[in-house]
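Look at the structure below before reading on.

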Amino acid sequence: CSTGIPFDGGLRCLCWKILLNYLPLEKALWSSLLKKQRDLYSQFLKEMIIQPGIAKANLGVSREDVTLEDHPLNPNPDSRWNTYFKDNEVLLQIDKDVRRLYPDMAFFQRPTDYPCLLILDPQNEFETLRRRVEQTTLKSQTVARNRSGVTNVSSGSPLKSTPSSLSEYEVLPNGCEAHWEVVERILFIYAKLNPGIAYVQGMNEIVGPLYYTFATDPNSEWKEHAEADTFFCFTNLMAEIRDNFIKSLDDSQCGITYKMEKVYSTLKEKDVELYLKLQEQNIKPQFFAFRWLTLLLSQEFLLPDVIRIWDSLFADDKRFDFLLLVCCAMLTLIRDQLLEGDFTLNMRLLQDYPISDVHLILKKAKELQDSK
């Protein structure tokens, strides 16, 4: 896997599921485990998306979870309505981010061959997340979540006037859902199940390549379950990298600041001249390495190249040590330009990385690893 998984025959989807500890090494256990996990995911959908939604709305039946004790103005923080409104804040942020996933590719705007029948069943009229976003009265466009995960809601145009983000893409007919909507559901359920971290901007960039890989699997039996499988692989991957997203851990040994410093200390070992040049220009690792490390380089390269990097990353026992080496390789491969450039030029190089040949980068990272 570390030398790149062939695209044919859905091999990558299978390998990633094993490397991300979703599937055990023992093949005989696969089918029972997959059934169990996919059933569990259906359960999550029922409890977290269907239950709070509106059933039979077209028959004029009022919202099922409204009782006299639990009306929208109930001040009790445990009130279901309160939860619903809180969830909407998270949902609006997710919605804004997933609609922008890989804008240069049509894939995420296209309808999936396997829409979620549980939710789209015309018999039920359940409220989809898309409907929920369209109907919510929170003034959506200005929900901003800052780095420490605090959600700021400032007033903006109410959603009824359809903000540009909703009209940007053609709305798919009833009974269809776009791939971005599936990603939205995965992130929403993750946020509900992990309230300690909930949703932080950037998670959409981690789930995107996983979902794309599983949803393009040539094997239709696997492809049909791309949503559930992505959810569990994403959860496992986040268990390893979630500390990068938690602001309060930034300066601890498991936080992102420590990892960014490690990029520089590794560079110092491998190429002291380049290290000193960046220090002298006061180019701090957080100016570029923050994004490289938290998003596993998913913003620096085209999607097929990101996927190729992730083959090597997932295959490495110490995958995040390897990521540091990849970052160092990226720096040393443009060392001549960096040594000649001034602050502005170098910042531009680092924030819009010029080399697109990821094989060259991975080869260099491997050399750095072997030279230890």
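The sections below go from the whole protein to its parts.

## The model as a whole

The model is predicted. The protein contains 18 helices and two strands. Of its 372 residues, 49% are buried.

Contacts can also be sorted by how far apart the two residues are in the sequence. Among contacts with a separation of 6 or more, 71% are between residues 24 or more positions apart.

## The largest pocket

The largest pocket holds about 580 Å³ of space. Its lining consists of 26 residues, and those nearest the centre of the pocket are Tyr114, Pro115, Glu224, His225 and Glu227. Two or more lining residues come from each of helix 2 (30–50), helix 4 (117–120), helix 7 (179–193), helix 8 (203–215) and helix 10 (226–241). Helix 2 contributes the most, with six residues.

Sorted by class, the lining of the largest pocket has 14 nonpolar residues, four polar ones and eight charged ones.

## The cavities

Searching the whole structure gives two cavities of 30 Å³ or more. The second largest cavity has about 50 Å³ of space. Its lining is made of Ile119, Thr128, Leu129, Arg130, Glu177, Glu181, Glu184 and Arg185.

Helix 7 gives the most, with three residues. The lining of the second largest cavity divides into five charged residues, two nonpolar and one polar.

## Helix 18

Helix 18 covers residues 358–370, which is 13 residues. From its first C-alpha to its last it reaches 18 Å, close to the 18 Å expected at 1.5 Å a residue.

Which residues of helix 18 are buried? They are Val358, Ile361, Leu362, Ala365 and Leu368. Viewed down the helix axis, these buried residues fall within an arc of 115°, so they line one face of helix 18. The other side of the helix has exposed residues, namely His359, Lys363 and Asp370. The buried residues of helix 18 are covered by parts of the protein that include helix 11 (256–270), helix 14 (303–315) and helix 15 (319–333).

Conventions: Residues are numbered from 1 along each chain as its sequence is written. This is a predicted model: local features need pLDDT of at least 70, side-chain atom pairs count only at pLDDT 80 or more; totals for chains, interfaces and linings use all residues. Side-chain values use heavy atoms; hydrogens and water are left out. On a 1 Å grid over the protein atoms alone, a cavity is a set of points where a 1.4 Å probe fits but cannot get out, and a pocket is an open set with protein on both sides within 12 Å along at least five of seven lines; lining residues have an atom within 4 Å of a point. Grid points are joined across faces, edges and corners, and a volume is the space filled by probe spheres set on the points. Helices (H or I, at least four residues) and strands (E, at least two) are DSSP runs, numbered from the N terminus. Ala, Val, Leu, Ile, Met, Phe, Trp, Tyr, Cys and Pro count as nonpolar, Asp, Glu, Lys and Arg as charged, and the others, Gly among them, as polar. The expected span of a helix is 1.5 Å times one less than its number of residues. Buried means under 20% relative accessible area, exposed over 50%, partly exposed in between (1.4 Å probe, protein chains only). The arc is that of the directions from the helix axis to the C-beta atoms. Contact means heavy atoms within 4.5 Å.
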